[in-house]
Amino acid sequence: MDARAFYLRVAERTMLSKEEAADLTRAVLETVARRVSAGEVRDLARQLPEPLAEAIRWNGKGPERFNLVELIRRVSRRTGLNETETTAGVRAVLLTLREAVDPKEFNDFMSHLPAEFVRLLE
């Protein structure tokens, strides 16, 4: 899946414009990438088209520990969406990510996140 198709799929799932979906996608990927190790980020980035891989480039000293509420708060602050819209947006991005990469890689990536992140996909 190329970046354009990824953004379009997120837009369809959230009812946002393609531009808003692209901003939301970058915000979610950048924020979630801070929650896992550099190795996990590299593994995932290898399967994404460059604009999306660039969004998750990990540049910290170690994974940050934060919960789903904090993820929603950070993404909401970056995008200007309210909590409900942001929660739906995070879910849409993760669902689309699951479709865009190898299932084994996606499951491995998600296994490094708290269970509450994974429950968004149910």
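**Helix α2 and its surroundings**

Colleague: What makes the span of helix α2 (residues 18-33) close to the expected one?

Modeller: Helix α2 has 16 residues and reaches 22 Å from its first C-alpha to its last. At 1.5 Å a residue, 22 Å is expected. The expected span is 1.5 Å times one less than the number of residues, so the value is set by that rule. Keep in mind that this is a predicted model.

Colleague: Which residues of α2 are buried?

Modeller: Ala21, Ala22, Leu24, Thr25, Ala27, Val28, Leu29, Thr31, Val32 and Ala33. The label needs under 20% relative accessible area.

Colleague: What do the buried residues of α2 pack against?

Modeller: They pack against α1 (3-14), α3 (38-45), α4 (50-55), α5 (68-79), α6 (83-100) and α7 (103-110). Contact here means heavy atoms within 4.5 Å.

Colleague: How many helices and strands does the chain have?

Modeller: Eight helices and zero strands. Along the sequence the pattern reads α-α-α-α-α-α-α-α.

Colleague: What share of the contacts with a separation of 6 or more joins residues 24 or more positions apart?

Modeller: Such pairs account for 68% of those contacts.

Colleague: Why is threonine 86 called buried?

Modeller: Threonine 86 is found in helix α6. Its relative accessibility is 0%; the cut-off is under 20%, so threonine 86 counts as buried. Leaving out residues up to four places away in sequence, threonine 86 touches Ile72, Val75, Ser76, Thr79 and Leu81.

Colleague: And valine 118: why is it called partly exposed?

Modeller: Valine 118 has a relative accessible area of 33%. Buried needs under 20% and exposed needs over 50%; 33% lies in between, so valine 118 is partly exposed. Valine 118 is in helix α8 (residues 115-119). The C-alpha atoms of valine 118 and phenylalanine 6 are separated by 20 Å, with the two 112 residues apart along the chain.

Colleague: How far apart are the mean positions of the positive and negative charges?

Modeller: They are 3 Å apart, for 20 positive and 20 negative charges.

Technical notes. Residues are numbered from 1 along each chain as its sequence is written. This is a predicted model: local features need pLDDT of at least 70, side-chain atom pairs count only at pLDDT 80 or more; totals for chains, interfaces and linings use all residues. Side-chain values use heavy atoms; hydrogens and water are left out. Helices (H or I, at least four residues) and strands (E, at least two) are DSSP runs, numbered from the N terminus. Lys and Arg count as positive and Asp and Glu as negative; His and the chain ends are not counted. The place of a charge is taken as NZ of Lys, CZ of Arg, CG of Asp or CD of Glu. Buried means under 20% relative accessible area, exposed over 50%, partly exposed in between (1.4 Å probe, protein chains only).
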